[in-house]
Amino acid sequence: MDAIDKLGLATALAKARKSYQEGGIPIGAALIHHGSSTAVGDAVVLGTGHNSRIQKSSATLHGEIAALEDCGRLKAGVYQKSTMLTLNSPCLMCTGAILLYKIPRVVIGENKNWVGGEDLLKSHGVEIIVVDDEECKKLMEAFIREKPDEWNEDIGE
């Protein structure tokens, strides 16, 4: 992981912890604009969010969608020079949003608990980096164990 990815993952993890503390699904996300630079000083956190489906009784407020919403309206070129960082493998809805806005990179904290649309993203040329972070795994494992019905609802099962 480069410095920008570390910054983004730490930001997304903080959002995931917040969601978990609120009784929600612990998936946080951040969209970081880096242009053509990999220097942390050149990176801008455009938006952050966490899965708020339970807290807001929402059908669609996954972490990645919440992060995009937090960004507000952006020009297409901004998305195309950004990275989406998320604690868990993106579902098909979030995968669709990543593809729609042509976000070229996705950094995933962990995908041992569940794998979403990674193959679809790869088939469209999106770079996927799986960090396999222990804290991300433990947070998801705890939530799935404690609230299996809510987890299954979140992934459409």
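Student: In this predicted model, which residues of H7 are buried?

Tutor: The buried residues of H7 are Cys-136, Lys-137, Leu-139, Met-140, Ala-142 and Phe-143. Each is called buried because its relative accessible area lies under 20%.

Student: What do the buried residues of H7 pack against?

Tutor: They pack against helix H1 (3-21), helix H2 (53-56), S3, strand S4 (105-110) and H8. The packing rests on contacts, that is, heavy atoms within 4.5 Å.

Student: Why does the span of helix H7 agree with its number of residues?

Tutor: Helix H7 covers residues 134-146, which is 13 residues.

Student: What is found at the start of H7?

Tutor: There, a side-chain oxygen of Asp-133 comes to within 3.0 Å of the backbone nitrogen of Glu-135.

Student: Why is Thr-83 called buried?

Tutor: The relative accessible area of Thr-83 is 0%, and the cut-off for buried is under 20%; therefore Thr-83 counts as buried. Thr-83 belongs to strand S3 (residues 82-88).

Student: What makes the pairing of the Thr-83 and His-34 side chains a polar contact?

Tutor: The distance between them is 2.7 Å, and a polar contact requires N or O atoms within 3.5 Å. The pair therefore qualifies. His-34 is also one of the residues that Thr-83 touches, among them Asp-5, Ile-103 and Arg-105.

Student: Why does His-50 count as buried?

Tutor: His-50, in strand S2 (residues 44-50), has 8% relative accessibility. The limit is under 20%, so His-50 is classed as buried.

Student: Which side chain makes a polar contact with the side chain of His-50?

Tutor: That of Ser-19, at 3.5 Å; the cut-off is within 3.5 Å. The residues touched by His-50 include Ser-19, Ile-27 and His-62.

Student: How many cavities of 30 Å³ or more does the structure hold?

Tutor: The structure holds one, and the largest cavity has a volume of about 80 Å³. Of its 13 lining residues, those closest to the centre are Ile-27, His-62, Ser-89, Cys-91 and Asp-154. Helix H3 (63-71) and helix H8 (148-154) each contribute at least two residues to this lining.

Notes
Residues numbered from 1 in each chain as written. Predicted model: local features only at pLDDT ≥ 70, side-chain atom pairs only at ≥ 80, totals over all residues. Heavy atoms only, no water. Helix = DSSP H or I, 4+ residues; strand = E, 2+ residues; numbered from the N terminus. Buried < 20%, exposed > 50% of the residue type's maximum accessible area, 1.4 Å probe, protein only. Polar contact = N/O pair within 3.5 Å; in protein donor to acceptor, adjacent residues only side chain to side chain. 1 Å grid on protein atoms, 1.4 Å probe; cavity = no way out; pocket = protein on both sides within 12 Å on 5 of 7 lines; lining within 4 Å. Points joined across faces, edges and corners; volume = space filled by probe spheres on them. Expected span 1.5 Å × (residues − 1). Lists of a residue's contacts leave out its neighbours within four places in sequence.
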